[in-house]
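Come along and check each entry against the picture.

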Amino acid sequence: MRIERKEEKSLRPDLKEALSHRLWVGDGAMSTYLYQQGIPVGVCPEELTLTQPEWIIDVHRRYREAGAALIQTNTYGANRDRLARYGIESKTTRINREAAALARRGAGDEAYVLGSIGSILAGRVLHYSEADYRDMYEEQATALLYAGVDGLILETFIDLKELVLALETIRPLTDVPVLCNLAMVEVGRTRDGHLLSDAFQVLQQKGADAVGLNCRLGPLEIERALKQTQVPEGIALAAYPNAGRLGLYDGEYQYKSTPQYFGERALSLREQGVQIIGGCCGTTPEHIKAINAAIAGLAPLPRINPAPSTQTGTQERIHIQPRTRPSVVDQVKEETTVIIEYDSPKDLDISQYLRGAEELTHAGADAITLADNSMATTRMSNMALGAIMKERTGAEPLVHITCRDRNLIGQQSHLMGLHALGIDQILVVTGDPTRIGDLPGSSSIYDVTSFDLIRMVKQLNEGISFSGRPLKQKARFVVGTAFNPNVAKIEAAVRRLHKKVEAGADFVMTQPVYDVESLHRVKEATKDIPIPIFIGIMPLTGHRNALFLHHELPGVKIPDPVMQRMEGKSGAEGREEGVAIAQALLDEAVKLFQGIYLITPFHYWEMTAALTRYIRLRTQQNVVSGS
């Protein structure tokens, strides 16, 4: 259903007809300008439409007086998803309608009002419900259109896929002009890997009346991107740059570009055929005034495209050399495979650690897995120690990666480092919260879930960075995921595990189990899981250890018969009994699972070395006997 715009008495020409026949001055930032005026950071700028309407009208009026002929509504983040963060999602329609009315009051009789619709994804992980996003875009656009905006501007989309989704949803609703602005993570390309030339072509085909760039980059970088871009004929071109890059100046975060500089760059943008020039983050009415002064009375210049590029949106990538030895996933399909967890030390001395790693390898470990600051306790970097261990002992490292300790920048950097070191087997886990560790005041980051991180690692395997930038090589990560069978409703845990498989997990490592019944329970519950299962077994070191694991550590259960066997035992006697219990469990485990995951308690590598030798002996006996 198309939404008819409110008829109003005006001498202004129709915006859609006038768009490509003159130079237009857009307005500048709303949120960052309000912050500069003293509004606390963290306040929802869109809610000010309802709580402080005069402030919003004043900003619109200042931009109009500075020369802006296109005034955007204060609705960039006025979608249901964003407003829900402030608990005001029920006011979505009201905020959008009121914002359009305020923009109209601030714009006066001569300026046009554009309804601003921002990216919902807003730079987050590329995983969302298209149906939900369509509903939210339709809700916001409908409210703005009923309020009588002259056009819509879809802005700050770093992924072409989401912008196309928004445009496809909104275009059938109205005949008013729709402007589509992408924001670049890197010059000349969207986050999801499309060249601007290709992106602009797609947007024109989907019904955009103008295409352009806004936010993230300053005028010079936007100009540089346009110089290498093919802009389709018959469509207006827009540029809303930031006031340079955000940086720390004199102890405060600021944008550096001056109004005078903006005026100079406006002339350069005009030379690129840009017809709509405004500002984004960090810009003020003074910046817009400088743009207006620079281009006042000038006519638009025709767009002269550069020579067509031979580069494609999916540039050719170099494949790395194949592995020199099979991964645990390949190996476990053919024979019993043993992964041993042996955590990094909490100290700087690694001599004893390396001795243990060497002995575990000699005992028959196929890989040694190093946790990532387990229990949120600071340990030596598993990347550094894994590389040293591999070089000095020949052990195959399999490192854990938590979602807790690194933001997305750090995560990709860490993975790239692992790739460079030849460490390509990993286990992705959520990670224990920092408040339980040795530095409880530190922050838990959790930019992404374990599901998201698995997907993103697999994206590196496709030769695409987290930001969507094509890489010159493809990674070859083999990605494991964790599974806790020690829960009341194992069916729910298995459903969650299926989702991890769908995200791209290659193998599973379970929390430790301590009785034969649990082994069979896991085997039956995971029979439809199409990737290898490495069953977790951790020998107990004594009665006190058993009590702690059972009563105080999440995800572990110690059966009563095992607890009774450990009662009163400690020291060497406790460790000997723990190994004996684990050996009895392994007798059944090797019949059910080809993947065994042994967890070394308290750096007692002698215990897991003994168990590894026991596994090797048992599997040899089974081969000889033909069982």
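**A histidine in a loop**

I looked up His-603 and found it partly exposed, with a relative accessible area of 30%. My scale calls a residue buried under 20% relative accessible area, exposed over 50% and partly exposed in between, using a 1.4 Å probe and protein chains only. His-603 has a positive phi of about 65 degrees, although it is not a glycine. I located His-603 in the loop between strand S18 (595-599) and helix H23 (605-625). Helices (H or I, at least four residues) and strands (E, at least two) are DSSP runs, numbered from the N terminus.

A note to myself on the source: this is a predicted model, where local features need pLDDT of at least 70, side-chain atom pairs count only at pLDDT 80 or more, and totals for chains, interfaces and linings use all residues. Residues are numbered from 1 along each chain as its sequence is written, and side-chain values use heavy atoms, with hydrogens and water left out.

**An alanine with a positive phi**

Ala-376 is not a glycine either, yet its phi is positive, about 55 degrees. I found Ala-376 in the loop between strand S12 (367-370) and helix H15 (382-393). Ala-376 counts as buried, at 10% relative accessibility.

**The open sheet**

In what order do the eight strands of the open sheet run? I read S1-S10-S7-S6-S5-S4-S3-S2, with parallel pairing. Strand S1 (24-25) and strand S2 (70-72) each have a single partner strand, so one side of each is left without a neighbour in the sheet. Two strands pair if DSSP finds at least two bridges between them.

Leu-114 has Gly-151 in S4 as its bridge partner. Helix H8 (residues 160-170) packs on the sheet and touches S3, S4 and strand S5 (178-182); contact means heavy atoms within 4.5 Å. The direction of H8 makes about 165 degrees with that of S4. Axes are lines fitted to C-alpha atoms, for helices over the stretch in contact, and angles run from 0 to 180 degrees between N-to-C directions.

**Cysteines**

How many disulfides does a search of the whole structure find? The search finds zero, a disulfide being a pair of cysteine sulfur atoms within 2.5 Å. The sulfur of Cys-280 has its closest cysteine sulfur in Cys-215, 3.8 Å away, which is too far for a bond. For Cys-281 the closest cysteine sulfur is also in Cys-215, at 3.7 Å, again too far for a bond. Cys-280 is buried, at 11% relative accessibility.

**A buried serine and its helix**

I found Ser-450 in helix H17 (residues 450-461). Is Ser-450 buried or exposed? Ser-450 is buried, with a relative accessible area of 2%. Leaving out residues up to four places away in sequence, Ser-450 touches Cys-403, Val-428, Val-429, Thr-430, Arg-496 and Lys-500.

Next I checked how H17 meets helix H16 (residues 408-421): the axes come within 11 Å and cross at roughly 45 degrees. Leu-408, Gln-411, Gln-412 and Leu-415 in H16 meet Leu-453, Met-456, Val-457 and Leu-460 in H17.

**One more helix pair**

Helix H4 (residues 53-66) and helix H12 (residues 285-295) pack with their axes 8 Å apart, at an angle of about 25 degrees. Arg-62, Tyr-63 and Ala-66 of H4 make the contact with Pro-285, Ile-288, Lys-289 and Asn-292 of H12.
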